[in-house]
Amino acid sequence: MATAAAHQTDTAGEDTATGGYERAFDAAVAAEERVEPRDWMPDAYRATLVRQMAQHAHSEIIGMQPEANWITRAPSLRRKAILMAKVQDEAGHGLYLYSAAETLGTSRDELLDKLHSGRQKYSSIFNYPTLTWADVGAIGWLVDGAAITNQVPLCRCSYGPYARAMVRICKEESFHQRQGYELLLALSRGTPEQHAMAQDAVDRWWWPSLMMFGPPDDESAHSAQSMTWKIKRHSNDELRQRFVDICVPQAASLGLTLPDPELRWNEERQRHDFGPIDWAEFRAVLKGNGPCNEQRLSQRRRAHEDGAWVREAAAAYAAKRTGRAEGERA
């Protein structure tokens, strides 16, 4: 009985302390203060951040594949250099984000294992094929444009390491968006065949780009809590609407048509109305039934296995340097 009573007292004390920490955490978030790795945070907050940053990092790494496929077939040395720089940037973005996730106590090996086994997701957009050179432009303009719309608010994320990583990522993503727009502009003003190729790419990438913002707000399992914690600043539907409003005048400048017969300006809302999104397709792709799901993961697993010797060599070299430094200090 005495032991049970002591346990109850200890538990009550822990509950009281946790409640105090939680109130302090909520107050700090409400006051726009940054949460740092050593600060106390709710387990659910930590889990939400790991899930979101992991998915973001996985998307950057998998997202290298559709465009890297065109590096050897770029139509000029200039285009090749631009595309190589972009793919390299995406690798760097993945590394920034994996490093940010590691500050929460998870390991990169664990995150990669979950990606390779299908236990963690990446953006559905990267499961679509790049059929023509114009797809590289459509990805830059639409996919990276959607990413910027979604990610700029993350620069004010309540978790410090994530917010700081996003500052650099967004600067580089703006370069990616501009190169895609410029590529489509060149094609649109080229021959009739080139214009048709650009239009075809936009037709295929428009709707998947709108899906990038996630399901509608009333079907999103995480948005409300993420916004309360100020991990996210805007809902999925708000960001999607903002993206549509940005793209309509840009499409007009490109001389291209967005493939939505219901797209029109709503004077009362001062926003564009747009047609329904095929959420059945979105869910099918997320479940692994997209055009390139298996191809993307298989290639990623193979690349990870082929790079094992590099990781082993780097680890051995680091251990050797550490041992040498310890010997010199001794």
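This briefing describes the pockets, the cavity, the salt bridges and the cysteines of one predicted structure.

The model is predicted: local features need pLDDT of at least 70, side-chain atom pairs count only at pLDDT 80 or more, and totals for chains, interfaces and linings use all residues. Residues are numbered from 1 along each chain as its sequence is written, and side-chain values use heavy atoms, with hydrogens and water left out. The largest pocket has a volume of about 1,000 Å³, the salt bridges number 18, and there are zero disulfides.

**Terms for open and enclosed space**

- Pockets and cavities are found on a 1 Å grid over the protein atoms alone: a cavity is a set of points where a 1.4 Å probe fits but cannot get out, whereas a pocket is an open set with protein on both sides within 12 Å along at least five of seven lines.
- Lining residues have an atom within 4 Å of a point.
- Grid points are joined across faces, edges and corners, and a volume is the space filled by probe spheres set on the points.
- Helices (H or I, at least four residues) and strands (E, at least two) are DSSP runs, numbered from the N terminus.
- In the lining classes, Ala, Val, Leu, Ile, Met, Phe, Trp, Tyr, Cys and Pro count as nonpolar, Asp, Glu, Lys and Arg as charged, and the others, Gly among them, as polar.

**Largest pocket**

- The volume of the largest pocket is about 1,000 Å³.
- Its lining comprises 46 residues, of which Q55, N150, M212, F213 and G214 are the closest to the centre.
- Two or more lining residues come from each of α2 (43–62), α4 (77–102), α6 (134–151), α7 (160–188), α9 (223–228), α10 (236–254) and α11 (279–289).
- The element that gives the most is α6, with seven residues.
- By class, the lining of the largest pocket holds 18 nonpolar, 16 polar and twelve charged residues.

**Second largest pocket**

- The second largest pocket contains about 430 Å³ of space.
- Among its 17 lining residues, I61, M64, Q65, R300 and A303 are the closest to the centre.
- α3 (64–68), α4, α5 (108–116) and α12 (293–306) each give two or more residues to this lining, and α12 gives the most, with five.
- The lining of the second largest pocket divides into nine nonpolar, five polar and three charged residues.

**Cavity**

- One cavity of 30 Å³ or more is found in the whole structure, and the space in the largest cavity is about 30 Å³.
- R79, I82, L83, W133, V136, Q179 and L183 line the largest cavity.
- At least two of the lining residues come from each of α4 and α7, with α4 supplying the largest share, three residues.
- Five nonpolar, one polar and one charged residues make up the lining of the largest cavity.

**Helix α2**

- Helix α2 has 20 residues and spans 28 Å from its first C-alpha to its last, close to the 28 Å expected at 1.5 Å a residue; the expected span is 1.5 Å times one less than the number of residues.
- Of the 20 residues of α2, 14 are buried, so the helix is largely enclosed by the rest of the structure; buried means under 20% relative accessible area, exposed over 50%, and partly exposed in between (1.4 Å probe, protein chains only).

**Salt bridges**

- A salt bridge is a side-chain nitrogen of Lys or Arg within 4 Å of a carboxyl oxygen of Asp or Glu, and the count comes to 18.
- E182 and R79 form a salt bridge (2.7 Å, N to O); because E182 lies in helix α7 and R79 in helix α4, the pair ties together parts that are 103 residues apart in sequence.
- E182 is partly exposed at 30% relative accessibility, whereas R79 is buried at 12%.
- D200 and R204 form a salt bridge (3.1 Å, N to O), and both lie in helix α8 (residues 192–211), four residues apart, about one turn of the helix.
- D237 pairs with R240 in a salt bridge, the closest N and O atoms being 2.8 Å apart, and both residues lie in helix α10, three residues apart.
- D237 is partly exposed at 31%, whereas R240 is buried at 2%.
- A network of salt bridges links E32, K230 and R233.

**Cysteines**

- The structure has zero disulfides, a disulfide being a pair of cysteine sulfur atoms within 2.5 Å.
- The closest cysteine sulfur to that of C157 is in C155, at 9.7 Å, too far for a bond.
- C157 is buried at 0% relative accessibility, and C292 is buried at 6%.
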